[in-house]
Amino acid sequence: MSRCIQLAKNGLGTTYPNPLVGSVIVHNDKIIGEGWHYKAGMPHAEVNAIKSVKNWELLKAATIYVSLEPCSHFGKTPPCADLIIESGIKKVVVGSLDPNPRVSGRGIEKLMEAGCEVIVGILESESDKLNKRFFTFHQKKRPYIFLKWAQTADGFIAPKAETRDGVKPVWITNEFSRQSVHKMRAEEQSILVGTNTVLHDNPSLTVRDWAGKNPLRIVIDRELKIPQDFSVFDDNSKTIVFNEKETKTSENLDFEMINFSEAIPQQICEVLFQRNIQSLIIEGGSKTLQTFIDANLWDEAFVFNGTTNFMEGVKGPNFKGVLISEEKIKKDRLRIFKNLKS
């Protein structure tokens, strides 16, 4: 099952809206086939694993391991449970049950009705963690939310507005930390910033220092202050603008009207759920980050600490989380926190 999870991670950033899944086939304690789900619309992990087996006669005495319950319904591809049954495999070991109501428990039921021995819950917590985005989306009806910000050694995320030199970003961290951020963008479905961040930094919010697909860009711009020639409106990725003035849709730009006198994060999450968005990075600034923190709508916080000092400026947000990992990126430090109350 560990190998299944390892294989599944190869699909991070490319399988949305499908989950990450890996599969391994074992015969006489030897791996004879393995595979993972590459991309939505393409064959699932079990299909790729079965197709990789050179001698199909061995399948009748083999065990298939899969990190997530095999699907039982027709989508863009046929049900994996049916293929397992047709292949003659009689033993199936599953990491976690699929939370999707279209699947949950039905794949297991179909396999057992066909005479397969099914074992469920092997490395279950690790399998659940693998698909934290998928599970959160189906169970909580919202995206899995990452907070991300960089702060100076003295705790500031931006200098005072009057000290800034035009519309351009002020870098707090080194180029390797920034590359790590671009890798993160390539792995997640969407990224959100507030009006002030766009006006001060004119960010593109795209993947440039890493290979991968650009995330969906989301901007909170209540009064539509951002000029149309800013980078968030270019053709590199689609952008959604949450505002209080209009709702309209074009090929690359959507305006979504929400009520700014009510809970803003909840309204945004509802729209993203309807759009099938399973993961969201909140990149700030401080006010936007704090709004989601105060609403308890976040799951992990990625805090990059640089070595510079501003002495004054915009302080980082206040939050409570459990430190789950820490690493050095040259002289920078990345700390990742988990929200245990989300």
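**Before the views: a few words to start with.** Strands here (E, at least two residues) and helices (H or I, at least four) are DSSP runs, numbered from the N terminus, and two strands pair if DSSP finds at least two bridges between them. This is a predicted model, in which local features need pLDDT of at least 70 and side-chain atom pairs count only at pLDDT 80 or more, while totals for chains, interfaces and linings use all residues. Residues are numbered from 1 along each chain as its sequence is written, and side-chain values use heavy atoms, with hydrogens and water left out.

**View 1. An open sheet of five strands.** Follow the strands in the order β2-β1-β3-β4-β5; their pairing is mixed. At the edges stand β2 (30–36) and β5 (117–120), each with a single partner strand, so one side of each has no neighbour in the sheet. On average, neighbouring strands are turned by 15 degrees against each other, direction ignored. Axes are lines fitted to C-alpha atoms, for helices over the stretch in contact, and angles run from 0 to 180 degrees between N-to-C directions.

**View 2. Strand β4 and its two parallel partners.** Strand β3 (residues 63–68) runs parallel to β4 and is joined to it by five bridges; here V66 stands opposite V94. Strand β4 (residues 91–96) is also parallel to β5, with four bridges between them, and V92 has V118 of β5 as its bridge partner. Helix α4 (residues 106–113) packs on the sheet and touches β4 and β5, its direction making about 150 degrees with that of β5. Touching, or contact, means heavy atoms within 4.5 Å. Is β4 enclosed or open? Five of its six residues are buried, so β4 is largely enclosed by the rest of the structure. Buried means under 20% relative accessible area, exposed over 50%, and partly exposed in between (1.4 Å probe, protein chains only).

**View 3. L192 and the residues around it.** L192 sits in strand β8 (residues 190–194). Its relative accessibility is 0%, so L192 counts as buried. Leaving aside neighbours within four places in sequence, the contacts of L192 are I218, I220, I268, L280, I281, I282, E283, G284, T288 and F292. The C-alpha atom of P215, 23 residues away along the chain, is 9.7 Å from that of L192. One of the contacts, I268, belongs to helix α9 (residues 264–274), where I264, P265, Q267, C269, V271 and L272 are buried along with I268.

View 4. Q278 lies in the loop between α9 and β13 (279–282). Why does Q278 count as buried? Its relative accessibility is 1%, which puts Q278 among the buried residues. Not counting residues up to four places away in sequence, Q278 touches Y16, P17, R133, F134, F137, P143, Y144 and Q189. P17 is in the loop between α1 (2–8) and β1 (22–27).

**View 5. The cavity.** A cavity is a set of points, on a 1 Å grid over the protein atoms alone, where a 1.4 Å probe fits but cannot get out; a pocket is an open set with protein on both sides within 12 Å along at least five of seven lines; lining residues have an atom within 4 Å of a point. The model has one cavity of 30 Å³ or more, and about 60 Å³ of space lies in the largest cavity. Grid points are joined across faces, edges and corners, and a volume is the space filled by probe spheres set on the points. Its lining includes Y16, R133, F134 and Q278. Helix α6 (residues 132–140) gives the largest share of that lining, three residues.

**View 6. The second largest pocket.** This pocket has a volume of about 710 Å³. It is lined by 24 residues, and those closest to its centre are L12, K132, R133, E187 and F302. Elements giving two or more residues to the lining are α5 (124–130), α6, α7 (175–187), β14 (300–305), β16 (322–329) and β17 (332–338).

**View 7. Asparagines with positive phi.** N28 is found in the loop between β1 and β2, and its phi is near 50 degrees. N296, in the loop between α10 (286–294) and β14, has phi near 55 degrees. N28 is exposed, with a relative accessible area of 66%, whereas N296 is partly exposed at 31%. Just after α9, N276 has a positive phi of about 65 degrees.
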